[in-house]
Amino acid sequence: MAKQQKLLESQGASDDLVASMVAADRGDKATALRLAEAEWTKRQSVFVADAMAWALHLNGRHADALSYSDKAVALGWRNATVLEHRNAILGAIR
């Protein structure tokens, strides 16, 4: 993934959303949050809201995470991963 990210960046592009998800999966929570925040500045989609929510949750910022999780489900669109992340966030708040 790092090679792909560097190749994209060398061409003036980036995929911070995917890079954030990969960092989260690898346990690099600080990088996951940094990349999710970078992507959020570019676009505020359902997927980016979920990435922000998950990265914030992994960093122990559960209340902030819930705010983004709310955005991810606000339009009524349902995705198993988004809902799984939401349930984990809600569980951490209770």
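What follows is a working chat about side-chain contacts and helix packing in a predicted model.

Colleague: Let's start with charges. How many salt bridges does the structure hold?
Modeller: Five. Keep in mind that this is a predicted model.

Colleague: Which residues are linked in a network of salt bridges?
Modeller: Asp 16, Glu 39, Lys 42 and Arg 43.

Colleague: Take Lys 42 and Glu 39. What is the N to O distance there?
Modeller: It is 3.3 Å, side chain to side chain.

Colleague: Where do Lys 42 and Glu 39 sit in helix H3?
Modeller: They are three residues apart in H3, which spans residues 29-42. That separates them by about one helical turn.

Colleague: Is Glu 39 buried or exposed?
Modeller: Glu 39 is buried, at 5% relative accessibility.

Colleague: Moving on. Which residue forms a salt bridge with Asp 70?
Modeller: Arg 86 does, with the closest N and O atoms 2.9 Å apart. Asp 70 lies in helix H5 (residues 62-73) and Arg 86 in helix H6 (residues 80-93), so the pair ties together parts 16 residues apart in sequence.

Colleague: What about burial for Arg 86?
Modeller: Arg 86 is buried, with a relative accessible area of 18%. Asp 70 is partly exposed at 36%.

Colleague: New topic, aromatics. How many aromatic pairs are there?
Modeller: Two. One is Trp 40 with Tyr 68, an edge-to-face pair at 5.1 Å centre to centre and 85° between the planes.

Colleague: Which helices do Trp 40 and Tyr 68 lie in?
Modeller: Trp 40 lies in H3 and Tyr 68 in H5, so this pair ties together parts 28 residues apart in sequence. Trp 40 is buried at 17% relative accessibility. Tyr 68 is buried too, at 18%.

Colleague: And the rings of Phe 47 and Trp 77, what is their geometry?
Modeller: Their centres are 5.2 Å apart and their planes stand at 75°. An angle over 60 degrees counts as edge-to-face, so the pair gets that label.

Colleague: Where are Phe 47 and Trp 77 in the chain?
Modeller: Phe 47 is in helix H4 (residues 46-58). Trp 77 is in the loop between H5 and H6, 30 residues apart from Phe 47.

Colleague: Is Phe 47 buried or partly exposed?
Modeller: Phe 47 is partly exposed, at 45% relative accessibility. Trp 77 is also partly exposed, at 36%.

Colleague: Back to Tyr 68. Which residue lies over the face of Tyr 68?
Modeller: Lys 71 does, at 5.3 Å from the ring centre.

Colleague: Which residues have the most contacts inside the largest nonpolar core?
Modeller: Trp 40, Met 52, Leu 56 and Tyr 68, in a core of 22 residues. Helix H2 (16-25), H3, H4, H5 and H6 each give two or more residues to this core.

Colleague: Which helix gives the most?
Modeller: H4, with eight residues.

Colleague: Now H5 itself. How far does H5 reach from its first C-alpha to its last?
Modeller: 16 Å over twelve residues, close to the 16 Å expected.

Colleague: Which residues of H5 are buried?
Modeller: Ala 65, Leu 66, Tyr 68, Ser 69, Ala 72 and Val 73. The elements covering the buried residues of H5 include H3, H4 and H6.

Colleague: Last one, His 85. Where does it lie, and what does it touch?
Modeller: His 85 lies in helix H6. It is buried, with a relative accessible area of 11%. Not counting residues up to four places away in sequence, His 85 touches Asp 50 and Trp 54.

How values were computed
Residues are numbered from 1 along each chain as its sequence is written. This is a predicted model: local features need pLDDT of at least 70, side-chain atom pairs count only at pLDDT 80 or more; totals for chains, interfaces and linings use all residues. Side-chain values use heavy atoms; hydrogens and water are left out. A salt bridge is a side-chain nitrogen of Lys or Arg within 4 Å of a carboxyl oxygen of Asp or Glu. Helices (H or I, at least four residues) and strands (E, at least two) are DSSP runs, numbered from the N terminus. Buried means under 20% relative accessible area, exposed over 50%, partly exposed in between (1.4 Å probe, protein chains only). Rings of Phe, Tyr and Trp (its six-membered ring) pair if their centres lie within 6.5 Å; planes under 30 degrees apart count as stacked, over 60 as edge-to-face and the rest as tilted. A charge sits over a ring if NZ of Lys or CZ of Arg is within 6 Å of the ring centre and within 35 degrees of the ring normal. Contact means heavy atoms within 4.5 Å. The expected span of a helix is 1.5 Å times one less than its number of residues. A nonpolar core is a set of buried Ala, Val, Leu, Ile, Met, Phe, Trp, Tyr and Cys residues joined through side-chain atoms within 4.5 Å.
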